[in-house]
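Okay, thanks everyone, let's get going. I'd like to walk you through some aromatic rings and a sheet today, so let me put the structure up.

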Amino acid sequence: MNNKIKWIGALFLLVNGTWVWAASLPADLKWETNDTDPVFASPKALPGGSITMFVDSFPLTFRTVGPDSNGAFRSFIQDNQLRLISFHPNTGNPIPSLATHWAIAPDNQTVYFKLDPQAKWSDGKPVVADDYTFGYEMMRSKDIRAPWYNNYYTTEVVAVEKIDDHTILVKAGTRKAKLDLLNTTELYPQPKHYYKLTPNWVKQYNWAVVPTTGPYVMTDVKKGKSITFSKQKGWWAQNYRYNQHRFNLDTIKVQVIRDHNIAFRHFLRGELDTFEMILPNWWHEKAVTPEYKQGYVQKVMAMTDTKQGGQGLHLNIATPKLADINVRLGIQHALNIDKMIKTVLRGDYDRATTFGSGFGEFTDMQLPERAYDISKARDYFAKAGYSKPGPDGILQNDKGERLTLALTYTSQEHSKRLTVLKEEAKKAGLDLELNLVDGATGFKAMLEKKHEAAWMGWAGGGLYPQYWESFHSANANKPQTNNLFNVADKQLDTLIDAYNVEFDMAKRAELSRQIQQRIYDLAIFVPGVQLNYVRASSWRYVMLPEVPATKNTPDLLYWPMDGYPHSSGGLLWLDPKVKEETLKAKEAGEALAPINLLDKTYARH
């Protein structure tokens, strides 16, 4: 008997004696791949060696979905997990990853992917179509307690189907232009052989070291102290075009040091190999020690052209005081962001005008800046009933309630800049109560909407702005969602819903600008700062390519993992000869030529 019968665009398959449905491939698909874009790692890179980095708080979980998973450490895990495809960090074109080829169906909703038959999980199991169909089931399951993912895999990704062990289709909820469609459908797999979906899933996998498809695996965990990643021997994708000369390190140790000043002392002693220096006081004032002057450690700065996430003050309008738009408008004019940039930030940053930028026509560059203006601020506060100065100069209402704003933030490094804002806000009659909370704990409090105002920034990942998660009413007044504003606005919802289904990119860009206008009108976000460079220090023997950063390198220059959505990390390597020379010179007290590199390859013009 023939065990395959073609019938109305599907397959009947005989599996273990039972006939089951399976999707089939359309006959006219045009398969694509990309093995011609330029490589971006250095052929001079040497394999081997170990580095030590630091983070300022230990993660609350190793899960990448569910409660407490959306913290800073998540990138170490998520960026080591490959997706179906990636995007070239300089050209922006799609490039192969776990899929070797892809084909877009005529409906502009469905993408077919050919999985790489060489792809393996870190436990040696092959990556197969079932890992994607299971991943789709998992992301829709209530067991993972992740409402954002539940929604996304119901509305944005509406089907994941197996054609055969190494061919799948992924269908988006609406028609999309090519890059947008690929960005929506290039999913992560989930190891079906490892996970079991149960009501206890969150607790069961809280500290699980899940098999990965990327080059590194977690090999040593010291709770609260450090986490070590080790390179897989014979990693299956090492010799692929866009992975060559990348992911060179044997081990990466991530140490928890809660105070950046203490971490810097560790760095100068050689106990940390790299130290990120985005913050101006570090770059200008602290990177001047003998270790720099004698050339043992180096300064590297590279201009980039990345998409910027929203960085600034998020106002929780579910709190009674901030429900009044006059209070929110007053706050906009009471924060002297320009003085903060000019003084504490040494003029190194630019003032942001919107929630995210760098998206071309999707960014509204015409929104007028709400400048620091004491008179305007006081006028708005008076309209909200705060018109009488108290003995300390802070405005009060008729009930004698002071005009205060509790501002939650998670980095000690931001204390100086916020102190400037606090002193300037006093002149407008507003008392900022600065509330510094540990990184992971503080972000958890924000996601659970326990803040009045949150000073924080989002990474600028994605090819296009994403508004649903931060501004749609579906995520208001719910814990573990990114709507830190608790905004539920019908006009904003209508625009976001239209934006999410619009196929025409010019119309979609227009909707994006309208959304940014509405966010501006609601005055729920005070834009902070943005920047178009990365900069860091490292010991002299930590090497980078001749062009040290890609166009889309995010905020960490020495990022050892892959990166989302652009495959831009893992470029660094260690030179043992230079290390020996550096340590020998340091021991002898001999100076080497200082290195202070500025690369302008991707500077915005």
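Let's start at Y240, which is partly exposed, with a relative accessible area of 28%. One to keep in mind before we go on: this is a predicted model. Now, Y240 has a ring partner, W236, and their centres sit 5.6 Å apart with the planes at 90°, so we call that pair edge-to-face. W236 itself is buried, at 14% relative accessible area.

Here's another edge-to-face pair: F485 with F525, at 6.3 Å centre to centre and 85° between the planes. What does this pair tie together? F485 is in the loop between α14 (468-471) and α15 (490-501), while F525 belongs to strand β23, so the contact links parts that are 40 residues apart in sequence. Both of these phenylalanines, F485 and F525, are buried.

Overall, the structure has 36 aromatic pairs. There's also a cluster made of F58, F62, F73, F76, W207, F229 and W559.

β12 covers residues 226-231 and runs antiparallel to β11, with 6 bridges joining the two. Zooming out, the sheet is open, with 4 strands in the order β4-β13-β12-β11 and mixed pairing. From one strand to the next, the twist averages 20°.

Last stop, lysines over rings. K299 lies over the face of W283, 4.4 Å from the ring centre, and K579 does likewise over Y541, at 5.0 Å.

Conventions. Residues are numbered from 1 along each chain as its sequence is written. This is a predicted model: local features need pLDDT of at least 70, side-chain atom pairs count only at pLDDT 80 or more; totals for chains, interfaces and linings use all residues. Side-chain values use heavy atoms; hydrogens and water are left out. Two strands pair if DSSP finds at least two bridges between them. Axes are lines fitted to C-alpha atoms, for helices over the stretch in contact, and angles run from 0 to 180 degrees between N-to-C directions. Rings of Phe, Tyr and Trp (its six-membered ring) pair if their centres lie within 6.5 Å; planes under 30 degrees apart count as stacked, over 60 as edge-to-face and the rest as tilted. Buried means under 20% relative accessible area, exposed over 50%, partly exposed in between (1.4 Å probe, protein chains only). A charge sits over a ring if NZ of Lys or CZ of Arg is within 6 Å of the ring centre and within 35 degrees of the ring normal.
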